[in-house]
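Here is a note to read beside the model. Keep the structure open and follow the points in order.

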Amino acid sequence: MAAAQTEGRAKKSGNGGLSLEMKMLLPVLLLLAVLSFFPLFYIIWMSLNTVSLINGISFDFAGLANWTRMFTDEIVGAAWARAALYFVATVGLEMILGIAIALLVHELVWGKNLALSLILLPMFMAPVIVGLLGRFLTDSSYGLYAYVLRELGIFERDILGTASSALPAVILMDVWEWTPLIVLIVLAGLASVNQYVIEAAKVDGASYLERLRYIVAPSIAGVVTVALLVRSMDAIRYFDIITVTTNGGPGNTTKIIPIRLYETAFRFFDLGYAAAIGLGMLVFSILVANVFVRILESRGLAR
Amino acid sequence: MWKQYSGTTLNFISENTAPTAAIASNLQPFTDLTGITVNVLQLELGTMVQKVALDIGSGEGSYQIVYADPYQIVAPYHDALAELDEFNEDENLPSVPKGLEDFISTQLAAAGRFADENKLYGLPYDCPTMIWMYRKDLFEKYGDSMSQDLGFDPTPSASSTWGEYYQIAKWFNENQDEVPYGTGHQARQYDSLMCDFSNILWCYGGDYFDNEVVSSLGTVDPGPSTLDQPEALEAAAFYKKLLGIAHPGSVSWDWNATDEAFRTGQIAMTPNWHEFTAVDQDPAESEIAGKIGYSPLPKGPARNANMYGGSSIAINGASPVEEQRAAWLFLVWATSPDTMLMGMKSDVGGGTPTRRSLYELPEVKKEMKPPSDMPNLLTYDAVSEAWKPENIGLRPKIPSWNECDTIIYTEVSKMLADQKSPEEAMKTAKQYFDDAQSRARTLASRRMEVA
């Protein structure tokens, strides 16, 4: 009865106006709406204009010219293709390695905390520092990795300056930094797996792989999806490490869409076109997020 | 006259260059002279350009004094800069000491003007220029062997050719083990790659546009690009061949990394910015201090070309008029012979003057030979040759240069990464240049309509 009354007040007040709660929330909601929607509508308007910075910012309506250009621009198209490749490689590798490392750490009987602390270290570094570290280690004159690869006869060219190795190198830097996040999330999921069920399966003679497939995997599927969502959102706007290491080169082999967006906005100051590219990235992010939210919903985990 | 704006505070935004470091560390003489306080913000060039562009866009003019890179600031934003002639001719303001004629003429046109020779937007402030830096000790040690093997005198000079440079570099690769490679280049996919490639492009008779004023005064409409012409294709092919024997790290080096490789003994020679001399000749920073020789860059079939990278300082046209006039006092002071001399002597400075008269002073001439307290002057013989109108290398001064710069260094990088042949790279660059120009023309005509 009391709950029903509260629910009724929350929906509307007795005289048909806004409830007390809504009235109290309204200023904050309005502020949030202004903070969220004003930039969004502003950037949409920018994408429909040619923007000039001379003598103060000015707009010259260009209709859909920036959008048409974006869909026919082969440099932007290639940047999207590379971003997709980068996205699949980083998120894929991070998920595989992260889950594998988490399963191993979960099985440790002693030294678990020490191992976990060491594994998590890269995650606490700023991406720009990871980039600088990567650049240092792969430098062809004094870099450790470059030296080892050269001495082993595996790779003798400049790692970040060669088309075939630059993208794998920056992907591995990202994987090195963010796999620990997946480890952490998956470990949290593993901790919640019902140990009684595991013990019962062991008694019934289930092998490790069978327990993994039929008990552990379904139990951690939700958190793995959340981890996937978090890393996917990050991977779409990956910027720092590439800027510090390769600046998109050599020969554009590491120029993914956020790098092209930055270049268009803050190097060419073609702000109208940059707005269109940025909105394209936003739409893609929303679509990816929607896919994951639907997966979570289908498992009853979204609420 | 100098005290009329006493109490004013000005903001000077600059690239983190040697002259600005020197001025920032010794602003008291200016404050004593004018009563004006100047806040100096020093940033990496790209970040500085962004801040200036956004400040111009805001219409506020918060940075009254701007380090005006001719290609990234003056060309695209000249309409937002104050014209300096009216200040220089104003009887109530001090004029440029020794007159504008005292600035090196090629630098005044390149760094200070845009499109119209009667409009001055900036006063030349610094003048880094690419020259040939080489290990004098190694050339002395191996000179005879090289001469015997190669059949020519390898001593670097203005009459050396790029073909000879290639052979010398190859000789170092194959015949000695004191340095790992003969040559190294700033060939990262970055502005530095455009600078390095342009020297060779011009030497072979190629150019970005067939336009007489595009490289000196600059223009809004340079016409179609000429990067698809045979001379440009030949230059690109040679550049690829040269990078094939260069230190493999070259493809990920910008100018800082290239100089670091040179001063840590990784390479025997390199096309390098002359203002790195200060650090290269510092025994605390360099393994090769006292062992460096300087020459203008080699010549090609058409000419000798040495990339000029100087800038001016300018006044933000969006700032209030009184602040603009106060800023003029700073411009006059900062580019005066006395202040430039002070900068050369500064412990944190080490720039190179843009004034002719300074190079005639006995105390400056004395420093052109080692040992020198002003190490950049050790390059004077090379850079004075490089600054001659027939030898200076000036990139196009057009409003869309930032985009064109990105196009050329991306396509050359693709060529070096074996993704495109020299011909494909140059033809694609030409097509993209023309597309960028087409957009710039449309934008300019819309602005005209609005105006």
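1. Start with one term. Helices (H or I, at least four residues) and strands (E, at least two) are DSSP runs, numbered from the N terminus.

2. Now the ground rules. This is a predicted model: local features need pLDDT of at least 70, side-chain atom pairs count only at pLDDT 80 or more, and totals for chains, interfaces and linings use all residues. Residues are numbered from 1 along each chain as its sequence is written, while chains are lettered from A and ligands numbered from 1 in the order in which they are written.

3. Most residues other than glycine have a negative phi, and most peptide bonds are trans. The peptide bond from A:Gly249 to A:Pro250 is cis, with omega near -10 degrees. A:Asn247 is not a glycine, yet its phi is positive, about 55 degrees. Is A:Asn247 buried or exposed? A residue is buried if 20 or more other C-beta atoms lie within 10 Å of its own, exposed if 12 or fewer, and partly exposed in between; C-beta atoms are placed from the backbone. A:Asn247 has 21 other C-beta atoms within 10 Å, so A:Asn247 is buried.

4. A cis peptide bond joins B:Pro370 to B:Pro371, with omega about -5 degrees. B:Pro371 sits in the loop between helix H15 (362-365) and helix H16 (380-386) of chain B. B:Asp418 is a residue other than glycine with a positive phi, near 65 degrees. Look for B:Asp418 in the loop between H17 and H18 of chain B. B:Asp418 has 13 other C-beta atoms within 10 Å, so it is partly exposed.

5. Next, the domains of chain A. Domain bounds come from an automatic or database domain assignment. Chain A is split into domain 1 (19-63) and domain 2 (74-298). Taken over C-alpha atoms, the centres of these two domains of chain A are 33 Å apart. Two residues are in contact if their C-beta atoms, placed from the backbone, lie within 7 Å. By that rule, 9 residues of domain 1 of chain A are in contact with 7 residues of domain 2 of chain A. On the domain 1 side, helix H2 (20-47) and strand E1 (49-52) of chain A are the elements that give two or more residues. H2(A) supplies the largest share of that side, 4 residues.

6. A word on residue classes. Ala, Val, Leu, Ile, Met, Phe, Trp, Tyr, Cys and Pro count as nonpolar, Asp, Glu, Lys and Arg as charged, and the others, Gly among them, as polar. The side of domain 1 of chain A that touches domain 2 of chain A has 6 nonpolar, 3 polar and no charged residues.

7. Chain B also has two domains: domain 1 (9-127 + 309-384) and domain 2 (130-308). Their C-alpha centres lie 28 Å apart. The contact takes 20 residues from domain 1 of chain B and 19 residues from domain 2 of chain B. The elements giving two or more residues to the domain 1 side are helix H6 (105-112), strand E4 (113-114) and H16 of chain B. The residues of that side divide into 11 nonpolar, 7 polar and 2 charged.

8. How do the chains meet? In the contact between them, 32 residues of chain B touch 29 residues of chain A. Helix H3 (45-58), helix H17 (401-416) and helix H18 (422-450) of chain B each give two or more residues to the chain B side. H17(B) gives the most, with 7 residues. By class, the chain B side has 13 nonpolar, 12 polar and 7 charged residues.

9. Last, a residue in chain B. B:Pro396 is found in the loop between strand E13 (392-393) and H17 of chain B. B:Pro396 counts as buried, with 23 C-beta neighbours inside 10 Å. Leaving out residues up to four places away in sequence, B:Pro396 touches several residues, including B:Tyr208, B:Phe209 and B:Trp401.
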